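Hi everyone, thanks for coming.

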Amino acid sequence: MTRPMRNEPAITPELIASHGLKPDEYERILKLIGRTPTFTELGIFSAMWNEHCSYKSSRIHLRGLPTKAPWVIQGPGENAGVIDIGDGLAVVFKMESHNHPSYIEPYQGATTGVGGILRDVFTMGARPIACLNALSFGAPEHLKTRHLVSGVVAGVGGYGNSFGVPTVGGQVRFHTRYDGNNLVNAMAVGLAESDKIFYAAASGVNMPIVYLGSKTGRDGIHGATMASAEFDDASDEKRPTVQVGDPFAEKLLLEACLEIMGAGCVIAIQDMGAAGLTCSAVEMGAKGDLGVDLDLDSVPTRETGMSAYEMMLSESQERMLMVLKPEKEKQAEAIFKKWGLDFAVVGYTTPTKRFVVKHGGDVMADLPIKELGDEAPLYDRPHVASEPLPIIHARDVNAPMPVTDALVKLIATSELCSKRWVWEQYDHVIGGNTVQRPGGDAAVVRVQDGPKALALTVDVTPRYCEADPVEGGKQAVAEAWRNITAVGGKPLAITDNLNFGNPERPEIMGQLVGCLNGIAQACVALDFPIVSGNVSLYNETNGRGILPTPSIGGVGLLDDFQKSATLAFKAGGEAILLIGDTHGWLGQSVYLRDICGREEGAPPPVDLVAEKRNGDVVRGMIKSGTATAVHDISDGGLLVALAEMAMASGIGAVLDAAPEATLSHAWWFGEDQARYIVTVPVEHLLTVMSKLRAVGVPCVEIGKTGGDTLVIEGEAPVAIAKLKDGFESWLPNYMAGKA
Amino acid sequence: MKAAILVFPGINRERDMARTLKLISGHEPKMVWHAETELPEGTDLVVIPGGFSYGDYLRCGAIAARSPVMGAVRAFAAKGGLVLGVCNGFQILCESGLLPGILMRNARLQFVCRDVHLRVERSDTPFTRGYNAGQVIRVPVAHGEGNYAADAETLTRLEGDGRVLYRYCSANGDVGDLHNFNGAAASIAGIVNEKGNVLGMMPHPENHVEDVMGCTDGRGLFAGLVAHLEKAA
C-alpha cells in the first residue's frame, strides 16, 4: 500500500494542504502508520483530525469543565448528554452549530443543523420533545442579512415542523460582527426511559455492522473540514460542501430506530454526522476496543461511480450505523423495510483494532482505529487574556432623551424587539405539551401526561463576552439558570455551544479560555453541570472574528407544570417587587449602545453567590404560590423588563421615581445581574418583604400594577399599546424591507 | 366511539390526535397503517391527522391520497361514515377528491403557527354540534399551505349548501381580510362534503383540549362527535 491506489491521486504537499492538514500534522500521520497514506486514508485523517471533529484546540481547556452531578447519567463524549428526572425517565439533550453551511446556503445549512442535532438525540433512544435555537446574524443594514434571516428561519422551521417536534424557544440577535459569519446553534431535547439509553460503543467480535437510512451521495464531502477553516470572499463557492436535509427521511428514521430499539435489536448505534461513515465507524470501534472492517461495495449509494474516498467523506444526511444482535437482524430489517429505508450490512467488528476499508476488492485504507481518535493533534495554543475595560460610571453617561422616550426606542430595536416573526414560523404546539410558548423567560414543556415539566432555554450575551470573557462566560450560565428559575424550574444541567474566531490568534484563544473559565465557575457555583456540547472555531471572515458566543442551553425541572410562572402581569393593584441589587451598571448595556451610541466599558460583574441566593428565593416564591408574575432582568434593564411584563398582559403599572442615590437612566436601564421582578398581591407584601430580608435578599417595592399605561413618577406616561406597536413591528417591517 | 387514525409515512400529529380522542371519548383509537386495505371492524370515525405525509413532496397530500388505505376510506365515506381530516388530513381529502378545492401556499408564503379564532357557522352537524352557531373558538394553526381555493361555482355551492363550517375571524367573530391570515377564499377554515359526513379543516382543535395547552376550545368538536355517535349507536 505504499503506491497510490488505482484511480487515486498521488500524495503531494499541495494535496495535504488542501485537506487542511498542517505539515507537522502530516508528519504525525507518517510516524503513526509508518508509510505514505493512501488518498482515502488522507481523507480519513483530515476528517478525524480537523478542528470540528477532534477539538484539537479546545480539548485541553474543556477538561476543566464540571460535568458531574448525582442526576447526570451521561456527560460529554457521547452523542448527547443524559440526565435523570425521576420516575424512570431521562432527558437527552445537546446543542450543536451549523454556522458555515448556513452562511453559504442558509436554508439547507439550517435544516441539516436541526436534523443533525435531532439525530444525536434519538440515536440515544430518546424521542425528541422540543427544539430550541440561537441565531446570530450580521447588522440589519448589511446587504445579506435579510436573505440569511429569511433562509435560516425557513430552514429551521422547514425541518422541525416536518419532523414533528415543537420548536419552543431561542434567541435571535443582530450585530455587525456576524456580517460574514452568521451563527446557527440548534438544540434538541428528548425523553427516554433512563434504563434504555443507547450508546456508540460496539461490543462483540464478528458482529454485523448495519447501515440504515438514506443513501449516500456526494453531498457534504469535507463539510467538517470547511467548518474548520476561515471564510474569505470566495467562500460562496463552497456551496457543494453543504449537505441537503430531508426531514421526511429523518422522521422515518426516527420511528424505525425507536421501533427496533424497543424490540431489543440494537447493541450499539451511532449517527452519521460530521465526516459521515468515517467518524461513525471509527467511534463505534474505538469506543468498544474493537476493529472495524467496512466493505464499501455494500453501501447504498445514490449516485454511480462513487470512490471510496467520496463514500468515506460524504455527509449525506439521515443515515445511521448500528451493531445489531445477530439473532434479531431479520426482525430489524423487516422494520426498516416497512418504513421504506435502506438497510445493508456493510461490515463486521474485528479483534484487530484496525480500521479497514475495502472497495472493489482493494484495501483502500488500513489504519489503527484507536489512534485515529486518541492520537489526533492536541494543541495548547498560545492565548492572551483580554485587556480589562474601564468601568463606566453612570455620572459619565449623558442621558440624551427622557426615560420613557428611550424605552419606546429601545423596545423597537433589533436587539429587544419581539421575535414573533421568527417563532411563528416554527410549529411550537405540536405534541400538545407546550405549557409556555416562545416569548417568555424559558419554554415549559410537559413531560408525558405530567405533572412534571421541563423548563428550557438558550442564552448568552456576546457583547459581555467580548468585553470580559470571564464575566461573560459566567453571565451566560447565570442567565440560563435565571431563565429557568424565573418560570419556577430547578436548573439541572446545560449543553454549551462555543462559537469563536480563529484559535490560532492568541487573543481569540484567550477569549475561549476566559469564557470557559467563567462558565466553569458558574457551573460549580450554581450546581449546573455541562453534559454535552460542541465547539465551533474559525468563525471569521477576512481576518475579523465574530463576537465570542458561547451559547448555553439549559434544562430545568418543574414538579408540577401548573405551578410554572409567567412574566405577564396577572391583575391590577398588585405590588411590584424588584429583587436583587441595582447599582445602575451601564457599561456594555443596550442603553449605552443603542441610545448613547457607545459600545464601551466593562460588562456587569456576576456575583454567583447573589445569583444563587436570589434565584433560590424566587423559585421558592413561585412554588409557594406567592409570586403571581415573574421575570428576570437582562438586556435593557429594569424598565424594559417591566415593559415586557406589561405588553404580555395588557396591564400597565404605576412606578416610583428612581431612588435619589441612583441616576434615573442608570436605575431604569442598567444591566446589573442577579435580578428579578416579581409581583405579589398587596395583602402578602409585608410578609414577603420581611421573609426576603430575613434571608438577606435585597428587595424593594417599586410600584403597583394597573391601568393600560406605564406611569413613572415625574416622567411622561407611555401607553402599552404604543410600546407594543413598536415592539411587534420592527422585525416584520425590517423583513418586508421597510426598516 | 371507535375511531381509526390513519398513519402515512411523514404524518406527525397522530399521537396528538390519539391522545385527544382518548381524553374526550374514553376510548383508545386504532392506528391504521397506510398500506392497509381495510379499516378495523366497527370503525365509526376515520381521522386523517396532520403532518407532512410523504414529506409534502410532489404536492401536499397528493401521494397519500393514492395510498392503499384511501380506497377503504372512500368506501367508508360513501356509506355515510364520518371522516375528519385536519391540516394535512384536509389536504389529503382534497387531493383524494372527497372534498372539493385545494390548499395553496399561505398568502405570505410562510409557515404560520399561532392561535387563530374560528367562527362556527352552524351547529346542526356532527362536527359542530358541540358548539353554538356563531360561537367563536380559539385554536392553533400550524401550516404553510392552508390557503383554501376553489373555482367560483364551487365556492357558491359551498356557501349555498351551508357547507362552510368554520371560518377565520376576529376574537369578536368579524370575518374579513384582516383576520384571514393565510388568504383562504371566503376565510374558509373548514368545509364538509355534500352529504355532510366528511370534514376537512386546517386548524388543530386537538391541540386545544386541556388547560395546559392554554385553551380548551377544541374540545367541543370532539365532544360533539362523541355525542353524535352515541346517539346513532
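**Salt bridges and a sheet**

Let me start with Arg114(B), which counts as partly exposed at 24% relative accessibility. Keep in mind as we go that this is a predicted model. Which residue does Arg114(B) form a salt bridge with? The partner is Glu424(A), and the closest N and O atoms are 2.9 Å apart. Glu424(A) sits in the loop between helix H16 (420-423) and E14 of chain A, while Arg114(B) belongs to strand E6 (residues 112-120) of chain B, so this pair joins two chains. On the chain A side, Glu424(A) is buried, with a relative accessible area of 10%.

Now, please turn to Glu255(A), in helix H10 (residues 247-262) of chain A. Glu255(A) forms a salt bridge with Arg127(A), with 2.9 Å between the closest N and O atoms. Arg127(A) lies in strand E4 (residues 127-137) of chain A, so the pair ties together parts that are 128 residues apart in sequence. Are these two buried or exposed? Both Arg127(A) and Glu255(A) are buried, and for Glu255(A) the relative accessible area is 10%.

Glu255(A) also meets the side chain of Lys251(A) in a salt bridge, at 2.8 Å from N to O.

In chain A, 6 strands form an open sheet with mixed pairing, in the order E14-E15-E16-E21-E17-E18. Strand E14 (434-436) and strand E18 (530-536) of chain A are at the edges; each has a single partner strand, so one side of each has no neighbour in the sheet. From one strand to the next, the twist averages 20 degrees.

Inside that order, strand E17 (residues 490-499) and strand E21 (residues 549-558) of chain A run antiparallel and are joined by 9 bridges. As an example, Ala493(A) has Val555(A) as its bridge partner in E21(A). And what packs on the sheet? Helix H19 (residues 506-526) of chain A does, touching E17, E18 and E21 of chain A. The direction of H19 makes about 175 degrees with that of E17(A).

That's my tour, and I'm happy to take questions.

Methods:
Residues numbered from 1 in each chain as written. Chains lettered and ligands numbered in written order. Predicted model: local features only at pLDDT ≥ 70, side-chain atom pairs only at ≥ 80, totals over all residues. Heavy atoms only, no water. Pairing = 2+ DSSP bridges. Helix = DSSP H or I, 4+ residues; strand = E, 2+ residues; numbered from the N terminus. Axes fitted to C-alpha atoms, helices over the stretch in contact; angles between N-to-C directions. Contact = heavy atoms within 4.5 Å. Salt bridge = Lys/Arg side-chain N within 4 Å of Asp/Glu carboxyl O. Buried < 20%, exposed > 50% of the residue type's maximum accessible area, 1.4 Å probe, protein only.
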